[in-house]
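The entries follow in the order of the look-ups.

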Amino acid sequence: MDTYVNHLGSNAPQTGGLPTSASAAVWALDTTSGVVGGHPVAEALPMLDAVERYRAERLFREGDRRRYLASHVGLRVLLGSYLGMAPAQVTLVRENCPCCDGPHGRPAVDGGALHFSLSHSGDVAYLAFAGVPVGVDVEGIPSVDAMADVLTTLHPTEIAELAALPEPDRREAMGRVWSRKEAYLKATGTGLALGLAEPYVSSAHTPAEIPGWTLTDLPAPPGYVAALALRTTGRASTSASA
């Protein structure tokens, strides 16, 4: 699958039409930016809904709050551009959880006109948009301690693969596993409720195949890894729109 990552900077984005069911549009942004998509981050609160404002206000570290606001400004700007409405007019909801049917599943646009996924790590955010369920994840390369915390929770084959790697290669390979799993679990809406053992995604440079899904690694800045999961409908690809 072709992989492109568009950059959302300070100017209003040129998104083009809605992604088709067989494609995904992927965007990245620097969450330290003062202006995202033509909107000052410092003036973002009126654009957000009550849930977003509540979450932003609970972040006491200024850097964390600024990154959250920048990523959600980016999300609303891009959704608004795709849907032909002002960013503040986009209504976000939660789908029902596929595990317990509670109202805390995947975030979604009211009416389901477009599927999306948002991930942020450090100073980077990735956003993906598609006509079918989609998940995106960006992660910093894990530390040795972070890797040790989750290593035993992975699929047995992934654990064996990582253990067999030379130490210098192990952290980046672990990052690939983690970003692939997170992208898939976001796309399905299950999150971490069922653990990290399934599905098997492989630690190799090419992701394992998952029936019904297309899983691919994305270009990422130095020190980061990123992945995309797209529900298969015919032939899947990612498209550049800027």
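For residue classes, I count Ala, Val, Leu, Ile, Met, Phe, Trp, Tyr, Cys and Pro as nonpolar, Asp, Glu, Lys and Arg as charged, and the others, Gly among them, as polar. I note that this is a predicted model, in which local features need pLDDT of at least 70 and side-chain atom pairs count only at pLDDT 80 or more, while totals for chains, interfaces and linings use all residues. Residues are numbered from 1 along each chain as its sequence is written, and side-chain values use heavy atoms, with hydrogens and water left out.

Entry 1, pocket. I took a pocket as an open set of points on a 1 Å grid over the protein atoms alone, where a 1.4 Å probe fits and protein lies on both sides within 12 Å along at least five of seven lines; lining residues have an atom within 4 Å of a point. The volume of the largest pocket is about 740 Å³, a volume being the space filled by probe spheres set on the points, which are joined across faces, edges and corners. I find 28 lining residues, with Arg55, Arg94, Gly105, Arg106 and Pro107 nearest the centre. Helix H1 (50-57), helix H2 (62-83), strand S5 (92-94), strand S7 (115-121) and helix H5 (167-188) each give two or more residues to this lining; elements are DSSP runs numbered from the N terminus, helices (H or I) of at least four residues and strands (E) of at least two. S7 has the largest share, four residues. By class, I record 13 nonpolar, eight polar and seven charged residues in the lining.

A nonpolar core is a set of buried Ala, Val, Leu, Ile, Met, Phe, Trp, Tyr and Cys residues joined through side-chain atoms within 4.5 Å. Buried means under 20% relative accessible area, exposed over 50%, and partly exposed in between (1.4 Å probe, protein chains only). The largest core has 27 residues, and Trp27, Leu79, Leu127 and Phe129 have the most contacts inside it. H2 gives the most to this core, nine residues. Apart from it, I find another core of 18 residues, including Met147 and Ile210.

I located Ser71 in helix H2. Ser71 counts as buried because its relative accessibility is 0%. Leaving out residues up to four places away in sequence, Ser71 touches Leu29, Thr31, Leu118, His120, Ala125 and Leu127, contact meaning heavy atoms within 4.5 Å.

I placed Asp49 in the loop between strand S4 (39-40) and H1. Asp49 counts as partly exposed because its relative accessibility is 23%.
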